[in-house]
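Let's walk through this model together, one region at a time. Have the sequence and the 3D view ready as you read.

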Amino acid sequence: MIGVLISSLPMIVCGILSVLIALSLYDCRNMAKTRLLLFMATATVLYLAHFLYFNRIMAVIPLTDTLYCFCNPAVFPLYYLYIEELTDYRPNRRRQIFCLLPSMLCFVATGLLYMLMDPQETATFIQHYLYGDEFATLTGLAFWQAIVHLVVRIVLALQIPFVLFFGFRSITAYNDIIETNFSNLEGKRIVRMKTLLVLFAVTSPVAFFFNMIGRQQFIDGTQLLCIPALLFSMLLLLIGHVGLNQHFSVKDIEAEVFMAPEPISGEGGYNDLLEKIRKLMSEDKLYLSPNLKVSDLAMRLNSNRNYVYNAINVEMGVSFSDYINGL
């Protein structure tokens, strides 16, 4: 009974979070929340496959193992795609599809081999490889199925550093944009998600270790299974909590923010513009506005947003939020 509860814990956590995210998704055009739902639903299927495997529900192993070979290498890229939807104004859809291509190929190869294998080969593969981790005794299609499963492990291991690197880079670039265009950063920056990426970095070696030694090492050890079950359940719970409370994204920023800054023209150049900015701040105390943006300041000055952006962020050498908060 305890073993059943432990093996089902991550699945239950992911399932509940999937429902909560789906209920909060009022607008199907909210691609960030949709990506989060897809990530959590994929994790639910992954841990469902784990649950059936650890409880030896043999009749469905070919189906669930095929789904496992897609979900296992897909969860990390899906989480990165969620971060990209939050931080990238124009995400590259082709690149997003490419991120999931290895998972799709593993899924197709596994499913095709299961369909081509006869019942005896399937039983031999499940008994000797999935539950016994015996590779040398396999022959024919069962051998190639084992090769595909080994590729799944390698793909997962190779994805981890890329997701961490590009995830950090995307979040940092987004936060820089927020700081250079808004005075009030409350609820706009992505801070907790960076913490989650750090947790990903901490748990990644654990995931890599469990992935390399194989699931069969945990079948008869309830206490040993507790470690990954509790670890990943807590991590997924934090991801869901942060995702449900992340209401601001790059889509909430005006498109003009992402226009390339233009050089200012005119005799006075930036000196005149800086003087006007300082005068406006001194006389009208515009810095007291709780949600002041660069575009608001540009409108008051009858100027171009990019000119004001350059005047503060480049000429003064401070971010817009630091300048306003300093005043």
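**A partly exposed phenylalanine and a helix pair**

F166 counts as partly exposed because its relative accessibility is 27% (buried means under 20% relative accessible area, exposed over 50%, and partly exposed in between, with a 1.4 Å probe and protein chains only). You will find F166 in helix 6, residues 140-181; helices here are DSSP runs of H or I with at least four residues, numbered from the N terminus. F166 and Y80 lie 86 residues apart in sequence, yet their C-alpha atoms are 7.9 Å apart in space.

A quick word on conventions: this is a predicted model, in which local features need pLDDT of at least 70 and side-chain atom pairs count only at pLDDT 80 or more, while totals for chains, interfaces and linings use all residues. Residues are numbered from 1 along each chain as its sequence is written, and side-chain values use heavy atoms, leaving out hydrogens and water.

Now turn to helix 2, which has 24 residues. From first C-alpha to last it reaches 34 Å, close to the 34 Å expected at 1.5 Å a residue (1.5 Å times one less than the number of residues). Helix 2 is largely enclosed by the rest of the structure, because 17 of its 24 residues are buried. After helix 2 comes R56, with a positive phi near 55°.

How do helix 2 (residues 31-54) and helix 3 (residues 61-87) pack, and at what angle? Their axes are 8 Å apart, at an angle of about 155° (axes are lines fitted to C-alpha atoms over the stretch in contact, and angles run from 0 to 180 degrees between N-to-C directions). That makes helix 2 roughly antiparallel to helix 3, a term for angles over 145 degrees. Residues of this contact divide into 23 nonpolar, 4 polar and 2 charged (Ala, Val, Leu, Ile, Met, Phe, Trp, Tyr, Cys and Pro count as nonpolar, Asp, Glu, Lys and Arg as charged, and the others, Gly among them, as polar).

Technical notes. Helix = DSSP H or I, 4+ residues; strand = E, 2+ residues; numbered from the N terminus. Parallel < 35°, antiparallel > 145°, perpendicular 65-115°, else oblique.
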